[in-house]
Amino acid sequence: MIGFNSMMQVLTLMTIFILVIISIIAIFYIFKSPFHYPYFYHYFDISGKRNPQIEDYIDRFFIEDNFRLIQMHDEIIQQWKENCKKIIERSRMKKYRIKQYQSCLDDSHAFVFFFTRQQTRYRQHNYVKSSYKITQNVSTFQCDYTYLKRRNDQLKEINYECTLREYYSKSQRKLLTKELRKKIMIRDHYTCQICGKYMPDEVGLHVDHIIPISKGGKTVLSNLQVLCSKCNGKKSNRV
């Protein structure tokens with residue numbers, strides 16, 4: 001009989017313990033914040049790049065017609081805020097929920113961009129060495145919607161032809177790379193845009209700034225053209 005009573009006491013204590021644990025869990029979930037800020041995340045792979053500028057990568061991201069993703073996410077944030085207000089209105093702990101909501105807000109860091117690098121690691125098994133790649137986060141840049149919209153508006157003004165840093169660079173000639181020259185040649189069919197001379201062997205072929213750099217011309221596709229050496233000499237520094 002004593003053994004039975006001891007067993008009942010043990011069961012009672014276990015029941016009380018379980019009820020206490022359940023109560024603690026219930027209280028935790030009741031007071032836990034239901035608000036989680038919807039950040040925007042994007043990753044730029046800078047493997048093999050030296051001194052990359054985050055602004056350049058964001059500009060190229062927009063040049064590739066990706067600002068719509070930023071707009072869409074801003075709409076998601078605004079909808080999330082509306083849903084949060086509804087949760088607060090339905091709550092019996094309005095003041096407490098309002099504090100949780102306000103502490104969760106982070107509009108100034110809503111958009112998060114990561115620089116990552118691919119790094120090679122090695123493992124050895126049965127005396128055989130093999131390589132594998134890992135992605136490592138190098139740095140992080142956070143900003144608000146206003147900053148990104150302002151940057152996109154500036155790019156729109158220059159027709160998304162290059163990054164803002166390139167557009168305002170004082171070394172415009174250095175921006176005329178071999179890759180850009182080739183792109184202009186192919187676009188203009190290796191043909192002088194004044195006299196029509198065809199130069200497929202590229203002999204005597206020049207890539208000219210339509211508006212000269214000395215007069216504010218930029219090294220962008222719309223301001224570049226193929227000219228033969230004769231026409232380029234005649235044009236000189238004129239528009």
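Hi everyone, let's start with burial: of the 239 residues of this protein, 31% count as buried, where buried means under 20% relative accessible area, exposed over 50%, and partly exposed in between, with a 1.4 Å probe and protein chains only. Before I go on, a word on the source: this is a predicted model, in which local features need pLDDT of at least 70 and side-chain atom pairs count only at pLDDT 80 or more, while totals for chains, interfaces and linings use all residues. Residues are numbered from 1 along each chain as its sequence is written, and side-chain values use heavy atoms, with hydrogens and water left out.

Now the overall layout. The protein has eight helices and five strands; these are DSSP runs, with helices (H or I) of at least four residues and strands (E) of at least two, numbered from the N terminus. Along the sequence they follow the pattern α-β-α-α-α-β-β-α-α-α-β-β-α. The radius of gyration is 31 Å, well over the 18 Å that the globule rule gives for 239 residues, so the protein is more spread out than a compact globule. For the record, that radius is taken over C-alpha atoms, and the rule is 2.2 Å times the number of residues to the power 0.38. Along the principal axes, the C-alpha atoms fill a box of roughly 115 × 60 × 25 Å.

What about contacts, meaning heavy atoms within 4.5 Å? Among those between residues at least 6 apart in sequence, 65% join residues at least 24 apart.

Let's move to the inside. Which residues have the most contacts inside the largest nonpolar core? They are Phe 44, Phe 62, Ile 70, Phe 111, Phe 113 and Leu 148, in a core of 31 residues. A nonpolar core here is a set of buried Ala, Val, Leu, Ile, Met, Phe, Trp, Tyr and Cys residues joined through side-chain atoms within 4.5 Å. E1, H2, H3, H4, E2 and H5 each supply at least two residues of this core, and H3 gives the most, with six. Apart from this core lies another, of 14 residues, including Met 185, Tyr 190, Leu 224 and Leu 227.

At 1.5 Å a residue, its 24 residues (67-90) should span 34 Å, and the end C-alpha atoms are 35 Å apart, which agrees; the expected span is 1.5 Å times one less than the number of residues. Its buried residues include Phe 67, Ile 70, His 73, Asp 74 and Ile 77. An α-helix has 3.6 residues a turn, so residues three or four places apart point the same way. The buried residues of H3 pack against strand E1 (40-45), helix H2 (54-63), helix H4 (94-104), strand E2 (111-125) and helix H5 (145-157).

Next, the aromatics. A search of the whole structure finds 20 aromatic pairs: rings of Phe, Tyr and Trp (its six-membered ring) pair if their centres lie within 6.5 Å, with planes under 30 degrees apart counted as stacked, over 60 as edge-to-face and the rest as tilted. The rings of Tyr 43 and Phe 114 have centres 4.7 Å apart and planes at 15°, so this pair is stacked. Tyr 43 sits in strand E1 and Phe 114 in strand E2, 71 residues apart, so to speak a link between distant parts of the chain. Are these two partners buried or exposed? Tyr 43 counts as exposed at 52% relative accessibility, whereas Phe 114 counts as buried at 13%. Phe 62 and Phe 67 make an edge-to-face pair, 5.2 Å centre to centre with 85° between the planes. Phe 62 is buried at 2% relative accessibility, and Phe 67 is buried at 7%. Ring pairs also link residues into a cluster, among them Phe 40, Phe 44, Tyr 57, Phe 61 and Tyr 145.

Two tyrosines with backbone angles to show you. Most residues other than glycine have a negative phi. Tyr 160, however, has a positive phi of about 55°; Tyr 160 is in the loop between H5 and helix H6 (164-167) and is partly exposed at 25%. Tyr 190 also has a positive phi, near 55°. Tyr 190 lies in the loop between helix H7 (178-187) and strand E4 (205-209), and is buried at 17%.

Last stop, helix H8 (residues 229-235), where Ser 229 is found. Ser 229 is partly exposed, with a relative accessible area of 42%. Leaving aside neighbours within four places in sequence, Ser 229 is in contact with Gly 204 and His 206. Thanks, everyone!

Methods
Contact = heavy atoms within 4.5 Å.
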